[in-house]
There are 2 protein chains.
Amino acid sequence: MSKKFNIAIAGATGAVGIEMIKTLEHRQFPTKNLKLLASKRSIGKTLAYDGQDIVIEELDHDSFNDIDIALFSAGGSRSKEFAPSAVKSGAVVIDNSSAFRMDHDVPLVVPEVNPEAVKRHQGIIANPNCTTIILLVVLKPLYDISRITRIIVSTYQSASGAGAKAMEELSMQTSQVLENSELTIDAFPHQIAFNLFSHNSTIFDNGYCEEEQKMINESRKILNDQSLQICPTTIRVPILRAHAESVVIEQERKVSVEEANKILSAAPGVKIVDDRSNNYFPMPIDVNGQDFVAVGRIRDDVSSDKGLSFFICGDQLLKGAALNAVQIAELL
Amino acid sequence: MSKKFNIAIAGATGAVGIEMIKTLEHRQFPTKNLKLLASKRSIGKTLAYDGQDIVIEELDHDSFNDIDIALFSAGGSRSKEFAPSAVKSGAVVIDNSSAFRMDHDVPLVVPEVNPEAVKRHQGIIANPNCTTIILLVVLKPLYDISRITRIIVSTYQSASGAGAKAMEELSMQTSQVLENSELTIDAFPHQIAFNLFSHNSTIFDNGYCEEEQKMINESRKILNDQSLQICPTTIRVPILRAHAESVVIEQERKVSVEEANKILSAAPGVKIVDDRSNNYFPMPIDVNGQDFVAVGRIRDDVSSDKGLSFFICGDQLLKGAALNAVQIAELL
């Protein structure tokens, strides 16, 4: 691939934006020019890319002239406002927000799962929710050998999913608890230090929150299986940047632990961490900064004759967001 | 009840032992004399009970003369060594360790669930594992209206379950991470600060760890239902003293959310915390020091036509251990 691309990152100063820059660099993406876009208050600041200091510009409707690929991670409302302008300027938008994910004309892509969907794009490609990406990277190879009919998943989600400010709040609040001083509770509605709580997104009439409904809808769309049954419970835990998920699946044909291990050991983007004798399994601190999704505790679901159970961990900022977006760009 | 009892606490200086003393006081248990027993290194220290300073004595085979009820929380090996001596001295032993739980002659009791089992005791009554107690307090009333056939549960277990030293390690290690200094990893095999990991108990051949196998075996024994199917995943999280559990159940007859709410709102030891409009659900910091088990996120399992899903939180040291033991003593 000798062609080089003009790339823009909208939301370059956010937690995911920063990782997008690092990921482009790390994966030696064929970048001609990199344009960093953010809100007014960051204009004039610089961020390093490939040995250069790049001056941050204001995200605007005119920002996308000459841009080939625009990576958006500036929140849903900014995506809705500016992505159409980027498309009009001729850029392909890869959007990390939930703004367009369920739009019929917008492919929702995990490169290890449904790379072929990229071809259908009409200017915008959506990056799925972090919890969905991390889950599906592990589930897809198992789905391919025997259709998965039901998923029961409980998440252990890090602060990074709520942005850089939330990560800072976890650190600061933790210090405050240890020093017995007054707590700053701002980025989250509840204390996050030494605490956990149900994901603070809107609760729908059926009792599921928006984060859980995203996992259901997005998994069905990505796997192209509307009959897939999913029961998610999404919980925020006092972890900085990697998500974990405890998963039970039921399949049409019972897949053995041995078969699952064999399939997963050859699966792209997956690393088996399942050392029973040393009690070593996937942990957030081990996947921080890593591209793979770790899976372990792979065992029969002893409560069912169709099930498997396992525990997964993935870096929310990388595979859950920035890396997946750059991988989509690579498909282009 | 005008009769007063001579009580001994074996393991009085541990995290659970301390809570046992507080719980006896708080519930105004009819105590004549309280004897505090611990290992050699604590002899001569004092702990306050009901306005008195009680001098700690060494746990020994002769410690139980005149004792009516002996609360043991000094680990399984000490229970095995000293509980028979206590029984020989005429005491009833309420044992918080796993040493006798599965013995046929030893009742395993959660007072809200199977108080009648206490009568069968032959000197020893066992206190179940903390995760089992907290789960069953919520499940029993639902089981009574429609038999539960399957439970899928993922836990979020606090450091307190591994004792006072583990709680101190979580606090200390968290400071060390924030100060970027070297970590003390001693009470747990892995970093616990800003991390989580699979419960560090022995993994059996079927891939389940001892903590998970306890939940299966103990739940079946307490509910007297060997056909109950349970798939547990037990995870340690950086929380100080309350456990949380994400639970999906299947029942013979589908129980509606309304019915479940009605039953649980009248259930002993249970508090419904399920404020969807304010996104307020059970949280560890809210149940610290509380006697009740909080349950919320009560909703249909959308992946099944027989299921319900909910999220529970309970103080591991109280309902998960000390309180349950004192409640058993009250039954006597």
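Modeller: Two residues are in contact if their C-beta atoms, placed from the backbone, lie within 7 Å. This is a predicted model: local features need pLDDT of at least 70, side-chain atom pairs pLDDT 80 or more, while totals for chains, interfaces and linings use all residues. Residues are numbered from 1 along each chain as written, chains are lettered from A and ligands numbered from 1 in written order.

Colleague: What share of the interface residues of chain A are also interface residues in chain B?

Modeller: Chain A gives 48 residues to the contact and chain B gives 49. The copies meet through the same surface, because the share is 100%.

Colleague: How many residues on the side of chain A that touches chain B are nonpolar?

Modeller: Elements supplying at least two residues each include helix 4 (164–178), strand 13 (242–251) and strand 16 (307–315) of chain A. Helices (H or I, at least four residues) and strands (E, at least two) are DSSP runs. That side of chain A has 6 charged residues (Asp, Glu, Lys, Arg) and 17 polar (the others, with Gly). Its nonpolar residues (Ala, Val, Leu, Ile, Met, Phe, Trp, Tyr, Cys, Pro) number 25.

Colleague: Which strands stand at the edges of the open sheet in chain B?

Modeller: The sheet has 6 strands in the order 5-2-1-6-7-8, with parallel pairing (at least two DSSP bridges). Each edge strand has a single partner, so one side of each lacks a neighbour in the sheet; in chain B these are strand 5 (57–58) and strand 8 (124–126).

Colleague: Which residue of strand 8 stands opposite Val93(B)?

Modeller: Strand 7 (residues 92–95) of chain B runs parallel to strand 8 of chain B, and 3 bridges join them. Opposite Val93(B) stands Ile124(B).

Colleague: How are helix 3 and helix 8 of chain B oriented to each other?

Modeller: The axes of helix 3 (residues 130–145) and helix 8 (residues 318–331) of chain B come within 8 Å. Helix 3 of chain B brings Cys130(B), Ile133(B), Ile134(B) and Val137(B) to the contact; helix 8 of chain B brings Lys319(B), Gly320(B), Ala321(B) and Asn324(B). These contact residues divide into 5 nonpolar, 2 polar and 1 charged. The crossing angle is roughly 85°, and the two helices of chain B are therefore (65 to 115 degrees) roughly perpendicular.

Definitions and conventions: Axes are lines fitted to C-alpha atoms, for helices over the stretch in contact, and angles run from 0 to 180 degrees between N-to-C directions. Angles under 35 degrees count as roughly parallel, over 145 as roughly antiparallel, 65 to 115 as roughly perpendicular and the rest as oblique.
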